[in-house]
Amino acid sequence: MPRPSVEAERREQILRAACEVIAEVGLRSLRVSDVAARAGTSNGTVHYYFANKREVVHAAFEYNFQRSIERRRPIFEAEDDPRDRLLAFVRSYLPEGEETVRAWRVWMELWSEAFREPELQELNERVYGEWRRIVAAVIRDGQTQGLLREGDAVGYANRLIGMIDGLAIQVLVGSRNMTVERMSAVCREFLLELQK
């Protein structure tokens with residue numbers, strides 16, 4: 001039996017490969033053999049960690065979320081000014097760069113599949129609850145410091161997150177009217193309006 005650290009590394013390797021495959025071919029076309037090939041392992045090894053495709057997919061969505069949180073944690077821990085933290089948060093979600101675009105594509109597949117799967121609806125609920133909590137906390141911090149306008153911090157967080165999601169989808173599907181630059185500008189305008 002492999003050592004725990006080797007097992008954890010192999011599991012992460014499989015989940016990273018699953019996210020790559022989901023982003024490239026979509027959830028409906030994903031096969032365990034594609035994930036195994038991308039991870040440089042066998043179908044049997046994938047099935048050692050995950051009983052079936054559904055388990056791989058659910059774990060991949062969870063992995064995608066955890067990676068997203070990890071990549072943004074320094075933003076929320078490093079910047080003192082809440083306005084700078086919110087701006088950095090928006091910049092980090094602009095659909096540019098291989099890793100961010102791949103993560104967005106995985107999210108889009110999750111949303112599509114969540115229409116039919118209650119477990120994915122729960123994952124989505126948890127993910128958005130966490131994002132609302134994090135963003136609302138930054139907004140409350142800015143309100144306490146007198147830098148951001150008073151009001152419902154959760155409501156503002158929902159508007160910002162919804163704006164980022166909606167605009168990013170337009171960018172990702174190739175809208176000629178919504179480029180990454182335009183998305184960035186629209187989000188910045190909202191953040192300026194939020195300031196006192």
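Predicted model: local features only at pLDDT ≥ 70, side-chain atom pairs only at ≥ 80, totals over all residues.
**Entry 1**

Next I wanted to know which residues make the contact between α8 and α9. From α8 I noted Tyr156, Arg159, Leu160, Met163, Ile164, Leu167, Ala168 and Val171. From α9 I noted Val180, Met183, Val186, Cys187, Phe190, Leu191 and Leu194. Sorted by class, this contact has 14 nonpolar residues, no polar ones and 1 charged one.

**Entry 1: another helix pair**

Then I turned to α4 (residues 53–78) and helix α6 (residues 98–114). Their axes come within 10 Å and cross at roughly 140°. How do α4 and α6 lie to each other, oblique or roughly antiparallel? An angle has to be over 145 degrees to count as roughly antiparallel, and α4 and α6 are therefore oblique. I also wrote down that their crossing is left-handed.

On the α4 side, the contact is made by Phe61, Asn64, Phe65, Arg67, Arg71 and Arg72. On the α6 side, I found Glu99, Thr100, Ala103, Val106, Trp107, Glu109 and Leu110. By class, I have 6 nonpolar, 2 polar and 5 charged residues in the contact of α4 with α6.

**Entry 2: one serine**

I stayed in α4 and picked Ser68, which sits in this helix. Is Ser68 buried or exposed? Its relative accessibility is 1%, so Ser68 counts as buried; the cut-off for buried is under 20%.

I then checked the neighbours of Ser68. Its side chain makes a polar contact with the side chain of Arg72, at 3.0 Å. Arg72 is also one of the α4 residues in the contact with α6. Leaving out residues up to four places away in sequence, Ser68 touches Tyr93 and Trp131.

**Entry 3: the whole chain**

The C-alpha atoms fill a box of roughly 60 × 40 × 30 Å along the principal axes. Of the 196 residues in the chain, 47% are buried, and Ser68 is one of them. Among contacts with a separation of 6 or more, 64% join residues 24 or more positions apart.

Notes:
Residues numbered from 1 in each chain as written. Heavy atoms only, no water. Helix = DSSP H or I, 4+ residues; strand = E, 2+ residues; numbered from the N terminus. Buried < 20%, exposed > 50% of the residue type's maximum accessible area, 1.4 Å probe, protein only. Polar contact = N/O pair within 3.5 Å; in protein donor to acceptor, adjacent residues only side chain to side chain. Contact = heavy atoms within 4.5 Å. Axes fitted to C-alpha atoms, helices over the stretch in contact; angles between N-to-C directions. Parallel < 35°, antiparallel > 145°, perpendicular 65-115°, else oblique. Left-handed = near helix turned anticlockwise from the far one by under 90°. Nonpolar A, V, L, I, M, F, W, Y, C, P; charged D, E, K, R; others polar.
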